[in-house]
Amino acid sequence: MTPTPAVLAIDVGGTSMKGAVVTRDGRPVVVERWPTDPATDTVGAIAGHLRSLAALAGEHGLDVVGAGVVTPGMLDEAAGTVVYASNLDWRDVPLRALLAEATGLPVVTGHDVRTAGLAEQLLGAARGVEDFVLVTIGTGVAAALVTGGRSVTGDGGAAGELGHIPMVPGGEACTCGQKGCLEVYASGAGLARRYTALSGVSLPAEDVVARLGRDADADQVWAEAMQVLAQGLVTATLLLDPTTIVLGGGFTAAGDALLDPLRSGLAAGLAWRSAPPVKLAELGSEAGWIGAAALAFRSAGHADALETWTPHAVLGAPIP
């Protein structure tokens, strides 16, 4: 009997990684999580996780046809090189070549947010949509820009840096060196920092959000964040004319407190055209490894397999 094809998928973040073994029909055999420690050999750790996942795939009698690894930062996707990833302390890392050499597997690499956009297009809030923007709002802010069904990467792989569009002239300093960047105001890190500066109380962003409606300082920094983020969505809409805007990342836990002001702010900022609908992402933190698996199957010549994937199969419990 011919072994079932499978791929390995890893989503690398600044604080943790998620990995999976995924069969051709989209079902995960196993989903694992590991801490990320940029102070150690992160590339070596990724290679070790790939080897461990490959061993698990072998125990299930699967034929591993490739691996997909996605990371944050600026990527030269054609070369498989991470040009710069600040939270991993990487510059010009030939990730694809290093991982292929260390594991003996065909490896494809990609950008985490653009890959999450692919996953949402396949199975989530942008299913079947060829023109959309996925904005992930977490520690920082980044976007996947999809037009005509194709992801926009830009000349240097840096397309989608929505968080570093200056929105407030002469505004607060950003870690990137500019002033008034969107994510200074409308990100997890920015919200927490601005709340502390205003109130003198240090709280994580989720706790600031939990105080909305009963804490004037929380209400103020949240209102300012929503104003800036809505203006960012206005800019994205006028540039790209998306069918829909999808929001992902930690901020989505705020629900209507996020959606209501953004929808009204977006509509108010568009004088001569209607606003596209704004939706919450449906795949959550799983979008990265799902997209990485999709990249790996495409690269291995199994793109047709993606047409058979369903949310139930992919997001169901791992195969026993």
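1. Strand β1 (residues 4-12) and strand β2 (residues 16-23) run antiparallel and are joined by seven bridges. Strands pair if DSSP finds at least two bridges between them; strands (E, at least two residues) and helices (H or I, at least four) are DSSP runs, numbered from the N terminus. Within this pair, Val7 stands opposite Val22 in β2.

2. Before going on, please note that this is a predicted model, in which local features need pLDDT of at least 70, side-chain atom pairs count only at pLDDT 80 or more, and totals for chains, interfaces and linings use all residues. Residues are numbered from 1 along each chain as its sequence is written, and side-chain values use heavy atoms, with hydrogens and water left out.

3. Now for the sheet around that pair. Its five strands form an open sheet with mixed pairing, in the order β3-β2-β1-β4-β8. At the edges are β3 (28-35) and β8 (107-111), each pairing on one side only.

4. Which strands does helix α1 touch as it packs on the sheet? Helix α1 (residues 42-59) touches β1, β2, β3 and β4 (62-71), and its direction makes about 155° with that of β1. Contact means heavy atoms within 4.5 Å; axes are lines fitted to C-alpha atoms, for helices over the stretch in contact, and angles run from 0 to 180 degrees between N-to-C directions. Helix α2 (residues 95-103) also packs on this sheet, touching β4 and β8.

5. Look next for another open sheet of five strands, again with mixed pairing, in the order β11-β10-β9-β12-β13. Its edge strands are β11 (150-151) and β13 (278-280). Three bridges pair β12 with β13 in the parallel sense, and Leu247 has Leu280 in β13 as its bridge partner. Helix α7 packs on this sheet, touching β9 (132-137), β10 (141-147) and β12, while α8 touches β12 and β13.

6. Helix α7 has a helical neighbour too. Helix α5 (residues 188-199) and helix α7 (residues 216-240) pack at an angle of about 140°, with their axes 9 Å apart. Among the residues of α5 in this contact are Leu191 and Tyr195, and among those of α7 are Val221 and Trp222.
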